[in-house]
Amino acid sequence: MEDIETTRMSKNVLSVGTLSASHGQKQYGVNEFLVERQPYRLPMWLINGVGEGPTLVVTAGVHAAEYASIAAALELGRSLDPGSFSGRAIVVPIVDMPAFSARSIYVCPLDGKNPNRVFPGNPFGSASEQIADWLFRNVISQANYYVDLHGGDLIEALVPFTIFFRSGDKRVDDASLEMAKVFGIHFLVCSETPGSTFCAASVAGIPSILAEAGGQGIWTAEDVCCHTNGLNRLMRHLKMTPGNAPETVPFALLERFLWLRSEHEGFWYPAIAVNDRVKAGQSLGFIKDCEGHVLQTAISPADGIVLFIVSSLAINQTDPLLAVGA
Ligand SMILES: [Zn+2]
């Protein structure tokens, strides 16, 4: 009898690492594990609802200076009530804590790598790869649905958009696109970014999206709300929280996510703004040298919408400049 009881109990417990939440409980805590032989601390909430339902995983702070997304994840973790929740949620508000403390742009200061290019990670790799591996095995792999929250980095302006990936598995891909529509942001962008959270999760059979709102180190109420509103809509859609199914929102589906990069070190003069509609062949800005000579003209590769722009005057060779969704 004891074995059966133990099995039943463990089935009802939501656990990640050393943290656990029983049926109807919420647990906040910090999981500690080794990264490059040093202790690494990862804060998270475990919410184990009273009703039956799927498991939703929400992460933010893979890019740790994208503050609107982090503020939204903190709000979600603090506010979810297991007493009126069906299913389970794991909320990780800041994946890359060293980058958060350092206010680092794009990369993890422990190894200089962009964490959103190393998923599903590698236990024998560098710091970012080890963090990604732990997160993927212990957290993301528990998900029936996965949302990774992002925004413009400290030097990026953007119009909100939601990214999804087509993995080739129709069940997963249909569910990911459905999640993107339900999230309620107008622009939906299909993208394959090798090593990114949502691509790795999709390949592992988990419907996933990556939502982008906010930027330039500012976290306005409107941008935070863009993320929390999307999460609330998704949870109502999945019947994890009470309330009517969310109203459908008109959306624009962009099949291509086209990035332009700098070929020079110099000074970046954008000639357009985010959310501008641009034409193929249109000049979108210039890289100049100190004296003002044009080193490079950024040319739009397609008719489309400007989704993000790097707003830093300083630009390095190979740095992103902007992206057009087409
Ligand atoms: Zn990001």
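Helices (H or I, at least four residues) and strands (E, at least two) are DSSP runs, numbered from the N terminus. The model on display is predicted: local features need pLDDT of at least 70, side-chain atom pairs count only at pLDDT 80 or more, and totals for chains, interfaces and linings use all residues. Residues are numbered from 1 along each chain as its sequence is written, and side-chain values use heavy atoms, without hydrogens and water.

Select Ser167 to begin. Ser167 sits in the loop between strand S9 (161-164) and helix H5 (170-183). With a relative accessible area of 29%, Ser167 is partly exposed, a class between buried (under 20%) and exposed (over 50%), computed with a 1.4 Å probe on protein chains only.

Next, display the side chains of Ser167 and Asp173, which are joined by a polar contact of 2.8 Å. A polar contact is a pair of N or O atoms within 3.5 Å; within protein, one must be able to donate a hydrogen and the other to accept it, and residues adjacent in sequence count only if both atoms are side-chain atoms. The Ser167 side chain also reaches the backbone nitrogen of Asp169 at 3.3 Å.
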